[in-house]
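This report describes one protein structure for a reader who has not seen it before. Please keep the sequence and the model in view while reading.

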Amino acid sequence: MADTPAQSFDTLLTRREMLRSAGLLAAAAMVPACLQAGGQTTVPEAMPSKSIAAAGPQRPTVALRATRTWWELRPGLVVEAWTYNGQVPGPLIRVREGERVRVLLENRLPEATTIHWHGVDVPPAMDGVPGVTQDPVRPGETFVYEFEARPSGTRWYHTHMNGARQLDGGLYGPLIIDPATAGRRVDREYVLVLGSWVTGQAAAVPWGQPGATGGGMMGGMGVRMGGMQEMMGIAGPAYDTFTINGKAFPATRPLRVRGGERVRLRVVNASAHRHFDVRLDGHTLWVTHTDGHPLASPVPVDALSIAPAERYDVEFTADTPGKWPFHALDPAVEAAGLKTVVVYDGYQTAPESRDERPTAALRWWSYPLGRGRDILPPASGTGRRWNLILGWGMMMAPRRWTINGQTYPDTQPLRVRAGDLVAVRVFNMSPDSHPMHLHGQSFRVRAINGHPLPQPLVKDTVDVDPMGTVDLEIVAHNPGRWLFHCHKVQHMEGGLATLLDVT
Ligand code: C2O
Ligand code: CU
């Protein structure tokens with residue numbers, strides 16, 4: 001056991017968690033057999049306590065079997081979920097930067113699927129975009145994904161087909177790439193994957209959080225006018241349940257901490273449409289990574305807004321003993337499940353404490369607060385420049401979303417040479433925000449609404465406010481045809497996508 005990857009992580013949960021993931025490593029080799037025996041009746045425990053170390057030279061291939069499975073979101077609320085290995089989220093895959101990852105996808109779903117490795121600089125054929133980089137994997141077929149794990153950070157994997165059904169159905173999981181050299185040390189960490197569901201068994205929770213948007217220069221001003229969105233027919237899916245690691249409160253697993261510990265939360269928004277405004281009462285959260293990429297110094301906040309597909313690593317010091325909720329700030333979203341509790345050892349039976357400060361009094365995360373560390377390779381080619389105007393079909397065609405007036409695949413690809421430095425100004429002339437994601441390589445966020453950031457953030461997904469602009473800079477270091485699209489699935493499927501073509 002001495003060389004199990006779990007023990008070489010510089011930071012990982014508790015000793016018990018380590019043993020558990022080491023056990024899973026052995027189990028991964030036999031996944032197909034156990035699952036066949038298990039059938040559809042057992043409901044595995046919420047993830048990602050079961051982790052899988054991905055394939056190194058002597059390690060087995062990770063098997064991800066996509067199946068439909070009965071899944072209990074909370075007592076009495078059972079749905080037929082779309083799962084990897086019968087669980088939501090899919091297994092936590094954990095590797096060290098530079099290691100080879102080999103994943104066998106077996107499609108046991110009633111329709112075709114693919115896997116995209118979000119935030120990983122994969123080779124084009126492994127990128128999982130049907131019709132661009134691979135054929136859809138049809139029911140009964142298999143596909144082997146193989147790539148080198150880089151760059152380090154909080155990544156995730158998810159289906160890239162029929163997102164409203166497959167992604168919100170549960171086909172997503174965390175992928176953590178530990179730095180090759182020691183990263184920031186913490187005493188304990190948790191991965192929290194946020195999800196949204198249309199179960200039809202509860203009342204829909206309208207869109208309309210009180211908070212800021214990630215890119216917002218307008219913190220706390222309520223950029224997301226819920227009623228307007230409904231009126232315009234762009235409110236998104238009628239979500240009625242929200243989950244942390246596949247479970248809605250009170251079924252969420254409490255986060256145990258010990259007084260004095262430094263604790264990291266890796267928060268992933270896997271929703272196909274919803275932003276989440278979250279906080280941990282009683283504690284300052286220090287933002288250390290944006291989409292897995294390190295900041296030069298941590299930023300203290302009380303609350304943060306996370307757009308679809310974004311990730312934040314945050315740390316807190318366990319110096320306020322008690323039982324504290326980690327929850328959505330919108331009371332309706334919290335009531336619909338987006339809540340867990342941080343429980344200090346010795347406080348299991350204590351009443352829950354709450355911070356009643358008004359939302360407006362909170363320090364909110366926003367992009368301009370962060371100073372990124374420039375981890376991208378230097379550009380060697382020429383400078384290029386594009387303006388992309390994001391538009392909407394308006395009341396006549398509320399499901400049509402455009403880039404420079406065109407819907408994908410009629411949008412103009414951005415054709416560049418490997419090594420070029422590509423400046424892209426994204427101007428959002430539509431009434432909804434767009435979390436824009438680039439496949440194949442991360443980018444610098446240079447300016448928000450015309451205001452340059454002191455040190456560009458490095459991200460792979462950037463939320464662009466209605467009537468806002470974001471200036472991006474891409475070092476086109478990874479040759480291939482890369483999708484650049486809005487991560488709200490309805491917008492992507494409505495045409496809001498183009499290609500970065502790097503030759
Ligand atoms: Cu996370 Cu094209 O996706
Ligand atoms: Cu969008």
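## Sheets

Strand S14 (residues 276-280) and strand S19 (residues 323-328) run antiparallel and pair over 3 bridges. Strands here are DSSP runs of E with at least two residues, helices are runs of H or I with at least four residues, and both are numbered from the N terminus. Two strands pair if DSSP finds at least two bridges between them. The bridge partner of Leu280 in S19 is Phe326.

The model is predicted: local features need pLDDT of at least 70, side-chain atom pairs count only at pLDDT 80 or more, and totals for chains, interfaces and linings use all residues. Residues are numbered from 1 along each chain as its sequence is written, chains are lettered from A and ligands numbered from 1 in the order in which they are written, and side-chain values use heavy atoms, with hydrogens and water left out.

S14 and S19 belong to an open sheet of 5 strands with mixed pairing, in the order S12-S20-S19-S14-S17. Its edges are strand S12 (255-257) and strand S17 (303-306), each of which pairs on one side only. From one strand to the next, the twist averages 20 degrees. Axes for such angles are lines fitted to C-alpha atoms, for helices over the stretch in contact, and the angles run from 0 to 180 degrees between N-to-C directions.

Another open sheet has 6 strands in the order S11-S10-S13-S18-S15-S16, and its pairing is mixed. Strand S11 (241-244) and strand S16 (293-301) each have a single partner strand, so one side of each is left without a neighbour in the sheet. Neighbouring strands in this sheet are turned by 25 degrees against each other on average, direction ignored. Within the sheet, strand S15 (residues 285-290) and strand S18 (residues 311-317) are antiparallel and joined by 4 bridges. Trp286 has Glu315 as its bridge partner in S18.

## The chain and its cores

In total, the protein chain has 7 helices and 31 strands. Of its 503 residues, 60% are buried. Buried means under 20% relative accessible area, exposed over 50%, and partly exposed in between, using a 1.4 Å probe and protein chains only. Among contacts (heavy atoms within 4.5 Å) in the protein chain with a separation of 6 or more, 79% join residues 24 or more positions apart.

A nonpolar core is a set of buried Ala, Val, Leu, Ile, Met, Phe, Trp, Tyr and Cys residues joined through side-chain atoms within 4.5 Å. The largest one holds 110 residues, and Trp117, Leu265 and Trp365 touch the most other members. Strand S10 (residues 188-197) supplies the largest share of this core, 6 residues. Another core, of 5 residues, lies apart from it and includes Val132, Leu483, Ala497 and Leu499.

Which residues does Leu265 contact, leaving aside its neighbours within four places in sequence? They are Tyr190, Leu192, Leu255, Tyr312, Asp313, Val314, Phe316 and Phe326.

## Salt bridges

Side chains of opposite charge can pair when their charged atoms come close. A salt bridge is counted when a side-chain nitrogen of Lys or Arg is within 4 Å of a carboxyl oxygen of Asp or Glu. The whole structure has 42 salt bridges.

| Pair | N to O distance |
|---|---|
| Asp420 and Arg384 | 4.0 Å |
| Arg415 and Asp501 | 3.1 Å |
| Lys488 and Asp432 | 3.1 Å |

Asp420 lies in the loop between strand S23 (414-416) and strand S24 (421-428) and Arg384 in strand S21 (residues 383-393), so this pair ties together parts 36 residues apart in sequence. Asp420 is buried, at 3% relative accessible area, whereas Arg384 is partly exposed, at 31%.

Arg415 in strand S23 and Asp501 in strand S31 (residues 497-502) are 86 residues apart, and their pair links distant parts of the chain. Arg415 is exposed at 52% relative accessibility, while Asp501 is buried with a relative accessible area of 13%. Both Lys488 and Asp432 are buried.

Elsewhere, a network of salt bridges links Arg279, Asp281, Asp302, Glu334, Lys339, Glu352, Arg354, Asp355, Arg357 and Arg363.

## Copper site

The copper ion (ligand 2) is coordinated at 2.0 to 2.1 Å by His434 (ND1), Cys486 (SG) and His491 (ND1). Donors are N, O and S atoms within 2.8 Å of the metal (3.2 Å for Na, K and Ca); water is not among the atoms, so sites may look incomplete. The donor residues of this copper ion follow the sequence spacing H-x51-C-x4-H. Cys486 is buried, with a relative accessible area of 0%, and His491 is buried, with 1%.
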